[in-house]
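Q: I have a model open and want to learn how to read it. Where do I begin?

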Amino acid sequence: MKTKKIIYLGTLFLFVATIYSCKTIPENATAVKPFNKEKYLGKWYEIARLDFMFEKNLNNTTAEYSIREDGKIKVDNKGYNIKKGKWTQAIGKAKFVGDEDIAMLKVSFFGPFYAGYNVIAIDKEYKYALVAGKSTKYLWILSRQNTIPENTKNDYLKIAERIGYNVKDLIWVKHDKKK
């Protein structure tokens with residue numbers, strides 16, 4: 001009897017964890033469609049972010065996306081740690097959750113563990129992007145240059161606020177070092 005209960009609870013836990021881990025986008029957000037993966041590839045500068053553990057104390061942060069041999073997207077993130085006085089790098093992989101014309105992806109830097117990566121706004125020339133994680137704890141504003149026009153910034157902030165982000169908590173990234 002005790003063994004059946006343990007098996008039942010374990011199965012229930014795995015089921016709930018699977019459902020929860022499938023959520024890759026905040027409730028009120030919508031991924032860009034149609035999305036052009038080829039136009040999105042290349043180097044992006046992080047203009048602003050909601051700070052979290054893996055980017056703590058980083059400035060001069062960039063992300064570079066390219067196609068891997070297996071068809072997934074290589075993610076090469078770099079930043080300068082202002083506390084340690086040195087550059088850091090994290091290389092990961094991303095894959096689409098569904099169709100490649102919908103900007104809803106999962107990214108992994110640690111083996112089989114993936115997190116949501118969703119482009120929720122992008123301009124026609126693919127110069128500026130607003131990226132959401134799986135919840136309103138993760139948000140990035142990206143640009144092909146280390147600055148962004150004020151009107152684009154304000155538009156993206158309004159979109160983020162409508163979704164439920166607290167944009168007052170954004171960290172505005174400095175780009176004052178070259179690697």
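A: Begin with surface patches. Patches consist of residues with over 30% relative accessible area and no salt bridge; like charges are joined within 9 Å, and nonpolar side chains (Val, Leu, Ile, Met, Phe, Trp, Tyr) within 5 Å. A salt bridge is a side-chain nitrogen of Lys or Arg within 4 Å of a carboxyl oxygen of Asp or Glu. Areas come from the Shrake-Rupley method with a 1.4 Å probe, and for residues only the protein chains shown count as cover. This is a predicted model: local features need pLDDT of at least 70, side-chain atom pairs count only at pLDDT 80 or more, and totals for chains, interfaces and linings use all residues. Residues are numbered from 1 along each chain as its sequence is written, and side-chain values use heavy atoms, with hydrogens and water left out.

Q: Which residues make the nonpolar surface patch here?
A: Met 53, Phe 54, Phe 109, Phe 110 and Phe 113 make it, covering about 600 Å². Phe 54 sits in the loop between strand E1 (42-50) and strand E2 (58-67).

Q: How many helices and strands does the protein have?
A: Helices (H or I, at least four residues) and strands (E, at least two) are DSSP runs, numbered from the N terminus. This protein has three helices and nine strands. Their order along the sequence is α-α-β-β-β-β-β-β-β-β-α-β.

Q: What share of the residues counts as buried?
A: Buried means under 20% relative accessible area, exposed over 50%, partly exposed in between (1.4 Å probe, protein chains only). Of the 179 residues, 39% are buried.

Q: Which residues have the most contacts inside the largest nonpolar core?
A: In soluble globular proteins, nonpolar side chains tend to be buried together. A nonpolar core is a set of buried Ala, Val, Leu, Ile, Met, Phe, Trp, Tyr and Cys residues joined through side-chain atoms within 4.5 Å. The largest one has 22 residues, and Tyr 40, Tyr 65, Tyr 117, Val 119 and Leu 142 have the most contacts inside it. Strand E6 (113-122) is among the elements giving two or more residues. E6 gives the most, with three. A second, separate core has 21 residues, including Ala 132 and Ile 163.

Q: Why does Ser 143 count as buried?
A: Ser 143 counts as buried because its relative accessibility is 0%. It lies in strand E8 (residues 139-143). Contact means heavy atoms within 4.5 Å. Leaving aside neighbours within four places in sequence, Ser 143 contacts Trp 44, Tyr 45, Ile 47, Lys 127 and Tyr 128.
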